[in-house]
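Dear colleague,

I am handing over the structure below, together with some notes on what was found in it. Please keep it open while you read, so that you can look up each part as it comes.

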Amino acid sequence: MKFNTFGRTATVRTALLAGTAALAVPTAAGAQEVGDDADIGEAEPETETANVIVVTATKRQQTLQEVPVAVSVTTAETIERAQIRDLNDLQTQVPSLRVDQLQSSANTNFLIRGFGNGANNAGIEPSVGVFVDGVYRSRTASQITDLPDVQRVEVLRGPQSTLFGKNASAGVISIVTKEPEFEFGGSAELSYGNYDAIVAKGLVTGPITDSIAFSLAGGINKRDGYLEDLATGNDSNERDRWFTRGQLLFDNGGPFTARFIGDYDKIDEICCGVVNLRRSDASNAILALGGQIPNPNDPFADVIYNNIDSTNDIENWGVSGELNYEIGDFTLTSITAYRESTAITDQDSDFTSADLIGSNFANVGLETFTQELRLAGEFGDRVSFLLGGFYFNEDVDQQSALIYGEDFREYANILIGGPVTSPPNDFAVQQLEATLSSLNGQDYAGQFFVAGQGFNEAYTLSNEALSIFGQVDFEILDGLVLTLGANYTDDSKEITTNVISSDVFSGIDLQASRDGAFNFGLASTIGGILGVPGGLADAATIQAFAAAQPEAFQQIVAGSAAAADPLLDLRPLQFLPPFLNVPNSVEDGKTDDSDWSYTARLAYDISPFLNVYVSYATGFKASSFNLSRDSRPLAADIPAIVAGGFAPTNLRPGSRFAGPEETEVYELGFKGNWDILSANLTFFNQRIEGFQTNLFTGTGFALANAGLQETFGIEFDSVVRVSDSFSVLAAFTYLEPEYVDFPNSSVGNLSGRAVAGISEFTMSLGAQYDKEINANGDRIILNTNFYHEAPVQIADGLPAFFDPGNPASQAAAFAAAAPFRRQVDELSASATYSFGFGLDLTVWGRNLLDDRYITAIFDSVAQAGSISGYPNQPRTYGVAAKFKF
């Protein structure tokens, strides 16, 4: 068995990406399916063992063991048997992959080996690149339902910049679909499950002429939500999606082939529900208003409260063309693509039935053009190469608004010390308005926390990048291959912002306003003694009381009510301070990054059954901008902004962007393939300098570079063919992630701490029984999988508990997150009766043990001290029928 990185040059990367044992249980049928797609179809499998999944490389066969790359492959058969609906489900098959769906249906975060980012902020491209048939998708929803003809999903671990031209610093998820066929055929599939889940898909393919083939596909995915909203009366976390996809293939048997793909998909659903995990005084204020909050003692009651539904209206469409031309031993490939995506979302971001946040609206549009050109080939028997260029051009247009609701004024009234009355009142807010009017010489009457006030945002981002990449293999001696690769990337970005805050109270400088004469503790106490309407005495009444009863006044002053400075204590209610727009005379809103990435690898065939490789690789990801209301100037720019006279009130330092990420990984791998066993073992140490962290703060996102994040890990996967009918798989991942240097995170100094949210130990255990039972070719197929993540703390800390001016407060931020841990134990299974004439009948279930856990936590919006989180999906099950013709 010989390592060979390159092969059939028209599909050089497809052959490469498939270069290890699939984490699906392979069968003889599954092996032939992969081999057929890899083309040229002239040879039979070199062995009858089910551990060999054949692909075609250099117009000869290769097994998935033969390429020295850390990659997991999930085949179409596994996707079908396990009823994998989207990439979120895929993680149960690939322990090194973690997928988190967060704020909306379009926001998904992919992590490989604990590294990944990009969700919930349109200014950030993910560190894990997602490719569909070679086309880069810069932002991706967690779905593969628009791809009914998936052949395999490949997860490449570690930087892949010398093979992919764009942002593959942490890894790559590559989805490969089947080409149209010149023999008429197709499939029809219908599935029904609990929560009234209906999935229907159809595919037809065949010839148009002797040299042109087509395929057309379409489908729907609908399901009731598993979270019941007792306030709106609707369900959340539902599915309501449909898609269509068409392909044309030109192949006349000559040196030129062409493949064109067009696709469209639509999402219109309510998602994603949030539960309360810890209440606070703010929670009591909401309850006092008559609002409802999920019970933190029972987060898996699947009950939520919102005053509006969190809606998602998402459209994606695109076209691409892949042209291949063989010139002797060389193949020239061009992949051109254009894509558009629009995500219109609205959310009740306080996640209560009270109308605090009336709307959190966003309309994010993307227009993306990519062009890849590569030349691959061989020089003799010992040298093969790939040389390519990649051009990327994308425009992002985002319109957002966060608006106060009808209950926010009364809510603020309680938080600042006003009495709880029925019906609710705003007496304390009126007193605050009167006091600040007096202090500042302005009339604020009726202007604080008014419904309709808020934050209106408009952002644009233009990104242009060019990469030159290449890789070459030298077979130095028989069985000893040296691989060298390099990538040069130049990436430039430019943003503009037009953000306006209409929140009057957030625009007041409380430090400048205070004169010490007004104190809410004094006002409340004296107001109560005198029976002042509304319960709060104004400054004149306090002064009169002090003159009339000096001894009583001094006793009140000496008490706890006067111990604090209540005016400055109201700063946390200044949620939406004025925004400094970009560009300005100090900040030009531009970045321009360039860097080289490298790969060096030595691979050796120890025996025909065992290979070993050692590699060193680097990766690069350019700067990312923070397109959120928490985008603020760097501390170093504040003096110049103030000196220029255009600093808005309450301007605080932060970050507009995070600088580039640079990845470095050392890897040692062993790959074995024996008659009944195939196994892969990988040791690695991966470091990312300047990792771009993006943490939700309760009102926006804090984007910052971690100085250095490092992970040591061990990965193992194997397939054992116990008999002709029965196979067992096992995959394990062990990770030790650490913030080596991250002193200025949004929750304090994380240097030396383990990275939260990344389980130390993850495993996937599975088995498949596939037996032909009669002469008609009928088969019984039984499949099961158990996925486990060891307990891990979900978040490093919570920003709302941390005061950057008080480093000691980081202990509170850490302590707030510490109780919330995640452990995963999900069992899935399916049973299929497959008729010889093409009909499959399946009974399936996912998360059969109904294992419940929280996937992510965050500071509750506008509710200081309260904590919220996203619950996972409960048990799902159903039946399916699929007919292939």
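Which strand gives the most to the lining of the largest cavity? Strand 4 does, with four residues. Before the details, please note that this is a predicted model, in which local features need pLDDT of at least 70 and side-chain atom pairs count only at pLDDT 80 or more, while totals for chains, interfaces and linings use all residues. Residues are numbered from 1 along each chain as its sequence is written, and side-chain values use heavy atoms, with hydrogens and water left out.

The cavities

A cavity here is a set of points, on a 1 Å grid over the protein atoms alone, where a 1.4 Å probe fits but cannot get out, and its lining residues have an atom within 4 Å of a point. The structure holds 16 cavities of 30 Å³ or more, a volume being the space filled by probe spheres set on the points, which are joined across faces, edges and corners.

The largest cavity has about 680 Å³ of space, and among the 38 residues that line it, N88, D89, Y226, R239 and Q873 are the closest to its centre. Elements that each supply at least two residues of this lining include helix 4 (87-90), strand 4 (97-101) and strand 36 (821-834); helices (H or I, at least four residues) and strands (E, at least two) are DSSP runs numbered from the N terminus.

The second largest cavity holds about 210 Å³ of space and is lined by 19 residues, of which P159, Q160, T599, R601 and A617 lie nearest its centre. Strand 27 gives the most to the lining of the second largest cavity, with four residues.

Three strands form an open sheet in the order 14-13-18, with mixed pairing, where two strands count as paired if DSSP finds at least two bridges between them. Strand 14 (235-236) and strand 18 (303-304) are the edge strands, each pairing on one side only. Strand 13 (residues 227-229) pairs with strand 18 in the parallel sense over two bridges, and E228 stands opposite V303 in strand 18.

The disulfide

There is one disulfide in the structure, a disulfide being a pair of cysteine sulfur atoms within 2.5 Å. It joins C271 to C272, with an S to S distance of 2.3 Å, and both C271 and C272 are buried (under 20% relative accessible area, with a 1.4 Å probe and protein chains only). The torsion about the S-S bond of C271 and C272 is about 90°, so the disulfide is right-handed.

With best wishes

Note on methods
On a 1 Å grid over the protein atoms alone, a cavity is a set of points where a 1.4 Å probe fits but cannot get out, and a pocket is an open set with protein on both sides within 12 Å along at least five of seven lines; lining residues have an atom within 4 Å of a point. Buried means under 20% relative accessible area, exposed over 50%, partly exposed in between (1.4 Å probe, protein chains only).
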